[in-house]
Amino acid sequence: MYKTLNGSAHPLAPAEIAVKAMPEDERVWVPQADNVWFRPLMLNTMVGQWCNLLRVRRSGVLSRHLHPNPVHGYVIAGKWYYLEHDWVADTGSYVFEPPGEIHTLMVPEDCAEMITFFNITGSMVYLDADNRQIGYEDVFTKIDMCRAHYDKVGLGADYVDQFVR
Ligand SMILES: [Fe+2]
């Protein structure tokens with residue numbers, strides 16, 4: 001029987017992460033765009049995957065994007081929808097976004113703030129209206145953004161390291 005320091009089944013398994021998802025320190029939120037922030041929870045460089053909270057305090061189009069791999073979301077507060085679908089994800093909703101889907105994230109005008117947990121594998125490929133790529137994100141660009149922001153706000157660039165595996 002395995003007996004390991006971190007209590008997991010495999011001696012090489014990475015250490016667990018257990019944090020308050022909603023941080024008390026506002027600086028933990030990393031600005032992503034105007035009135036859009038993310039809060040890193042797990043930045044998985046072994047698989048190329050990340051978990052974070054997305055917080056949006058504006059309405060309208062957030063992004064049009066493709067993800068080649070699956071995305072799981074859980075809405076903690078507020079609501080949002082995709083232009084391409086007729087459902088609305090509101091507080092308490094779970095959303096599975098299948099690989100290969102292209103959609104346009106919208107926050108409705110009557111929503112002052114939305115916060116959603118996302119588990120994203122692979123990448124986010126940002127597209128214009130004609131499906132031309134205009135940018136991308138992966139776990140490494142997220143880590144870079146965190147390092148730059150935490151350095152700037154005085155938490156130190158290595159603040160992000162606690163979330164990296
Ligand atoms: Fe998506």
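Two strands are said to pair if DSSP finds at least two bridges between them, and the strands themselves (E, at least two residues), like the helices (H or I, at least four), are DSSP runs numbered from the N terminus. The model is a predicted one, in which local features need pLDDT of at least 70 and side-chain atom pairs count only at pLDDT 80 or more, while totals for chains, interfaces and linings use all residues. Residues are numbered from 1 along each chain as its sequence is written.

Strands of a sheet pair through backbone hydrogen bonds, either parallel or antiparallel. Here six strands form an open sheet with antiparallel pairing, in the order β1-β2-β3-β10-β5-β8. The edges are taken by β1 (30–33) and β8 (94–97), each of which has a single partner strand, so one side of each is left without a neighbour in the sheet. On average, and with direction ignored, neighbouring strands of this sheet are turned by 30° against each other, where the axes are lines fitted to C-alpha atoms (for helices over the stretch in contact) and angles between N-to-C directions run from 0 to 180 degrees.

Within this order, β10 (residues 114–121) pairs with β3 (residues 49–56) in the antiparallel sense over eight bridges. Along this pairing, Asn52 stands opposite Phe118 in β10, and Cys51 stands opposite Asn119 in β10. Strand β10 is also joined to β5 by six bridges, again antiparallel, and there His72 stands opposite Asn119.

His72 belongs to strand β5 (residues 71–77). Leaving aside neighbours within four places in sequence, His72 is in contact (C-beta atoms, placed from the backbone, within 7 Å) with Phe96 and Asn119. The C-alpha atoms of His72 and Phe96 are separated by 4.7 Å, although the two residues are 24 residues apart along the chain. His72 counts as partly exposed because 14 other C-beta atoms lie within 10 Å; a residue is buried with 20 or more such atoms, exposed with 12 or fewer, and partly exposed in between, C-beta atoms being placed from the backbone.

Helix α1 (residues 139–152) lies across β1, β2 (36–44) and β3, and runs at about 115° to β2.

Two loops deserve a look as well. In the loop between β1 and β2 lies Asn35, whose phi is positive, about 60°, although Asn35 is not a glycine. The loop between β11 (123–127) and β12 (133–138) holds Asn131, a residue other than glycine with a positive phi near 65°. Asn35 is partly exposed, with 14 other C-beta atoms within 10 Å, whereas Asn131, with 10, is exposed.

Key:
Contact = placed C-beta atoms within 7 Å.
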